[in-house]
Each structure stands twice: as C-alpha cells, then as structure tokens.
Amino acid sequence: SGLEQFVPLLTKATVSLGDLLPGRLWEHKENVLEAIESIGDVVNSLPEALKSQLVTTIWRQASGGASNFVELLLRESCRGKSEYRTSGILALAKTLKSVRDSDTGVLRQVLTAFGEDLSPATDATDEPNDETSVQGGKKAAAAKRVAIILCIESAIPSDVSSTPADDFDDALFALRTCAENFDGEIRSTAVQAAGDVLARLAGATPEARERCGTSILVDALRLGLVDGRQARTRRRALEGLSRAEGALGAERVRGELEACEGMELLVEVKEHDVDEGVKALASELWLKLS
C-alpha cells in the first residue's frame with residue numbers, strides 16, 4: 001500500500017508529540033493532544049491489516065511502547081484546565097481504540113479517573129455569575145462527558161473475556177447511566193458506544209458472551225429509543241439493537257427487551273415515530289425479533 005511510506009513520518013511525529021507532554025503546562029499545549037488525536041483518527045480509519053502494522057510500528061515505538069504512551073496520556077488527561085483535560089481524554093480515547101487488542105489493561109484506571117465526571121451532581125459544583133459563563137460551563141461539561149464515554153468504550157478490549165468482570169460491569173453501567181441521565185450528544189454517544197460494544201460480542205466465545213452484562217447494554221439502547229427530540233439517537237439505538245441481534249441472536253435480544261419493556265417501545269416507534277427513516281429501521285428490527 002502507498003500509505004506504508006508514511007509510517008516512518010507518523011512514527012516520528014508521534015514520538016515527538018509524546019516527548020512534548022511531560023513537564024509544565026504552557027499556552028496552547030492542548031494542540032499537542034489534538035495532534036495525537038488526529039493521528040489516532042488516521043490509524044483507526046485504515047483497513048485492519050494496515051492498521052495492525054501501523055500500531056506495531058507507531059504506538060509501540062512511541063514513549064516506550066503502547067502501555068507507556070497510554071499511561072502518559074492518562075496523566076495528561078487528569079491535569080490542567082477543563083479544555084486541556086478534554087483534549088487529553090479525546091487523544092486517549094483515539095489511542096486506546098487503535099491499540100484495543102494490546103495489553104494496556106487501563107479500563108479500571110479510566111473508570112477511576114473520570115467516573116465522577118459522569119455524575120450530574122458535578123454540574124452543581126461551579127456556580128458562574130452570568131448566563132454566558134453558565135452556557136459555556138455546560139458546553140464544556142458536555143464535551144468532557146462525550147470524551148469520557150468514547151474513552152470508556154475504547155478501553156474495553158475486543159476480547160471481553162480478558163477483562164475482569166467487575167471492571168466490565170462497571171463500564172457497562174457507566175454507559176447505561178449516561179444514556180439515562182443525560183440527553184443530546186451525551187445520550188447519543190452513550191447509545192452508540194453501547195451498540196459498538198454489543199457488536200464486538202459477535203466475535204466472542206459463547207462463554208464470554210454468556211458472562212457479559214448484555215442486558216445492561218440493551219437497556220441503554222432502549223433508553224435511546226425514548227429520546228423524542230433527536231432522531232439520530234433513536235436511529236443509533238435501532239442500529240445498535242440490530243447489530244446485537246446479529247451478535248447474540250433474536251431470541252436473546254427479544255427477551256432482554258421484553259424484560260425492560262423495550263418491545264412495547266419498539267412498536268411505538270415503528271408505528272408512530274415522526275421520522276420515516278427511524279420508522280423503517282424499527283420495522284426491520286421488529287421483523288427480525290418477531
């Protein structure tokens with residue numbers, strides 16, 4: 001592939017950017033994290049075979065290896081002002097996604113570092129005086145939560161059997177809680193993440209699928225169907241449920257939807273949603289599960 005010629009350049013850029021992170025914070029240092037995020041986007045957009053080669057060459061040569069590079073980004077994501085932290089979390093999320101099958105084992109660290117930021121109670125800790133500050137604070141908090149959700153999803157390995165059960169369950173509960181407690185882009189991102197994790201279970205062993213808390217993820221997708229304001233969220237929920245049906249089978253998904261009154265909601269969307277595209281997706285899913 002012609003892209004292979006860029007491997008040395010990407011490797012050098014990643015190493016150089018990583019070397020800039022330790023030490024004091026300086027103005028616009030978040031640009032370094034944004035550049036690392038962009039490299040992660042490039043790597044994650046490639047075909048799997050080339051991506052694997054790039055990951056081996058780039059991330060494992062940068063700052064002493066993938067694990068060390070992830071640890072470096074994790075430290076940066078926990079210091080500085082909100083904008084810098086959010087940039088760090090996004091860079092960490094894209095990096096974790098690119099090295100998902102490496103032995104980084106940072107899911108518990110991610111949950112510990114950022115779990116409290118997913119609580120709505122944290123919104124009340126700061127009380128700005130003017131409306132502009134209030135709106136700015138809400139946008140910053142929302143952007144950070146979206147980044148954390150992406151980070152949690154990326155920290156869950158493809159081989160879920162390699163993840164400690166408590167860590168996996170806590171990650172799933174975090175996604176479901178965000179789908180329940182927030183709306184807008186936060187809920188939409190949590191729904192997308194729940195669907196992505198469910199889809200990856202298609203490649204897991206039957207034993208691994210059995211131990212996974214799939215009911216938590218299915219319930220997170222059900223909560224996406226409740227979103228009456230964003231058709232995109234409802235569409236993501238339906239697409240996630242469709243992928244879950246492919247990974248787990250119609251009987252299991254139907255049973256878990258029935259347990260959380262999701263089948264009734266699916267009928268409601270199928271028959272009455274204002275978005276014709278969403279209605280079509282709901283009808284297709286209904287046929288698969290019936």
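What share of the contacts in the protein chain with a separation of 6 or more comes from residues 24 or more positions apart? In this predicted model, such residues account for 71% of those contacts, a contact being heavy atoms within 4.5 Å. Residues are numbered from 1 along each chain as its sequence is written, and side-chain values use heavy atoms, with hydrogens and water left out. Local features need pLDDT of at least 70 and side-chain atom pairs count only at pLDDT 80 or more, whereas totals for chains, interfaces and linings use all residues.

The protein chain holds 15 helices and zero strands; these are DSSP runs numbered from the N terminus, helices being H or I with at least four residues and strands E with at least two. Of its 290 residues, 48% count as buried (under 20% relative accessible area, with exposed over 50% and partly exposed in between; 1.4 Å probe, protein chains only). The chain exposes about 13600 Å², and carbon and sulfur atoms supply 51% of that area, as computed by the Shrake-Rupley method with a 1.4 Å probe, where for residues only the protein chains shown count as cover.

Leaving aside residues up to four places away in sequence, Ile152 touches Leu107, Val110, Leu111, Leu118, Ala171, Ala174 and Leu175.

Asp219 lies in helix 11 (residues 214–226) and is buried, with a relative accessible area of 10%. Its contacts, again not counting residues up to four places away in sequence, are Arg176 and Cys260.

Helix 2 (residues 30–44) packs with helix 5 (residues 82–98) at an angle of about 25°, the axes being 8 Å apart. Axes are lines fitted to C-alpha atoms, for helices over the stretch in contact, and angles run from 0 to 180 degrees between N-to-C directions. The two helices are therefore roughly parallel to each other, the class for angles under 35 degrees. Residues that meet here include Leu33, Ile36 and Val43 in helix 2, and Tyr84, Leu90 and Ala91 in helix 5. Val42, also in helix 2, counts as partly exposed at 40% relative accessibility. Val42 and Ser98 are 56 residues apart in sequence and 9.6 Å apart in space, C-alpha to C-alpha.

Notes:
Parallel < 35°, antiparallel > 145°, perpendicular 65-115°, else oblique.
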